[in-house]
Amino acid sequence: MKILIIGAGGTIGKKVTAALKAHEVITVGRNTGDIMADISSPTAMESLFKQVSDIDAIICTAGDSVTGPLPEMNKAQFMVGIEQKLWPQINLVLSGMKYLKDNGSITLISGKMGELPAKGSSGKAFVNGAINSFVMAAAQEMPRGIRLNAISPSKVSDTGGDELIAAYVRCLETAINGEIIRVGYYKQ
Ligand SMILES: NC(=O)c1ccc[n+]([C@@H]2O[C@H](COP(=O)([O-])OP(=O)(O)OC[C@H]3O[C@@H](n4cnc5c(N)ncnc54)[C@H](OP(=O)(O)O)[C@@H]3O)[C@@H](O)[C@H]2O)c1
């Protein structure tokens with residue numbers, strides 16, 4: 001499989017990239033990777049997909065958001081999550097659905113705080129919830145058999161790694177569509 005991994009240089013991205021090395025993997029980041037592209041930019045997105053062809057799957061492990069006590073949160077901090085995690089992944093789907101091969105797969109990233117939030121996580125939680133909702137809705141309209149799912153991990157140190165990788169493999173290799181795969185939610 002030819003797989004584009006956005007955010008491959010990050011904590012989760014490194015684990016996923018290493019686990020999928022039997023495939024042909026193309027890594028992407030703003031400042032690192034085989035191709036450098038900022039997925040929040042529609043122009044950069046189109047330019048990225050013109051540099052690659054015959055992609056079977058896209059995995060996104062990129063996206064920033066801001067956390068902090070609710071009384072100290074302001075618009076700029078909430079907007080980071082929208083502009084750096086939610087919109088870039090929607091942008092990736094909008095472009096990716098045009099360039100992926102038939103029956104391809106797109107896997108986004110959300111996070112446990114979207115469903116089981118802790119205090120101080122509102123800036124992260126609302127973005128994760130929005131990504132999950134986007135995936136469930138948009139998956140119904142993906143063209144040419146392309147599937148769209150999200151991985152919602154707990155802290156990666158909590159999840160070990162095997163469950164996380166199994167979740168990505170499930171998105172790549174099975175027929176699931178519109179699923180939010182929860183990883184490591186209830187570990188002690
Ligand atoms: N780590 C965890 O325990 C955990 C748990 C639950 C959820 N998550 C979520 O998983 C995602 C990844 O977490 P992480 O800890 O792996 O993050 P990370 O270590 O900061 O890595 C993020 C990677 O994404 C790339 N990136 C960021 N914005 C980008 C953009 N606009 N365009 C292209 N590449 C971009 C970065 O590379 P450049 O700097 O080169 O752009 C970096 O390699 C986050 O959304 C996080 O909320 C993480």
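For this tour, Ala, Val, Leu, Ile, Met, Phe, Trp, Tyr, Cys and Pro count as nonpolar, Asp, Glu, Lys and Arg as charged, and the others, Gly among them, as polar. Keep in mind throughout that the model on your screen is predicted.

Begin by selecting the ligand, which takes up the space of the largest pocket. Next, show the residues that surround the ligand, of which there are 23, with Ile12, Arg30, Asn31, Gly63 and Val156 as the closest. If you colour this shell by class, you will find eight nonpolar, eleven polar and four charged residues.

Now turn to the backbone atoms that face the ligand. Select Gly63, where a polar backbone atom is 2.7 Å from an oxygen atom of the ligand, and then Val156, where a polar backbone atom is 2.8 Å from an oxygen atom of the ligand. At Ala37, a backbone N or O atom lies 3.5 Å from a nitrogen atom of the ligand. Taken alone the ligand exposes 890 Å², and the protein buries 81% of that area.

Side chains of opposite charge can pair when their charged atoms come close. Across the whole structure, a search finds six salt bridges.

How values were computed:
Residues numbered from 1 in each chain as written. Predicted model: local features only at pLDDT ≥ 70, side-chain atom pairs only at ≥ 80, totals over all residues. Heavy atoms only, no water. Near = heavy atom within 4 Å. Polar contact = N/O pair within 3.5 Å; in protein donor to acceptor, adjacent residues only side chain to side chain. Areas by Shrake-Rupley, 256 points an atom, 1.4 Å probe, with all protein chains shown as cover. 1 Å grid on protein atoms, 1.4 Å probe; cavity = no way out; pocket = protein on both sides within 12 Å on 5 of 7 lines; lining within 4 Å. Sits in = over half its atoms within 2 Å of the grid points. Salt bridge = Lys/Arg side-chain N within 4 Å of Asp/Glu carboxyl O.
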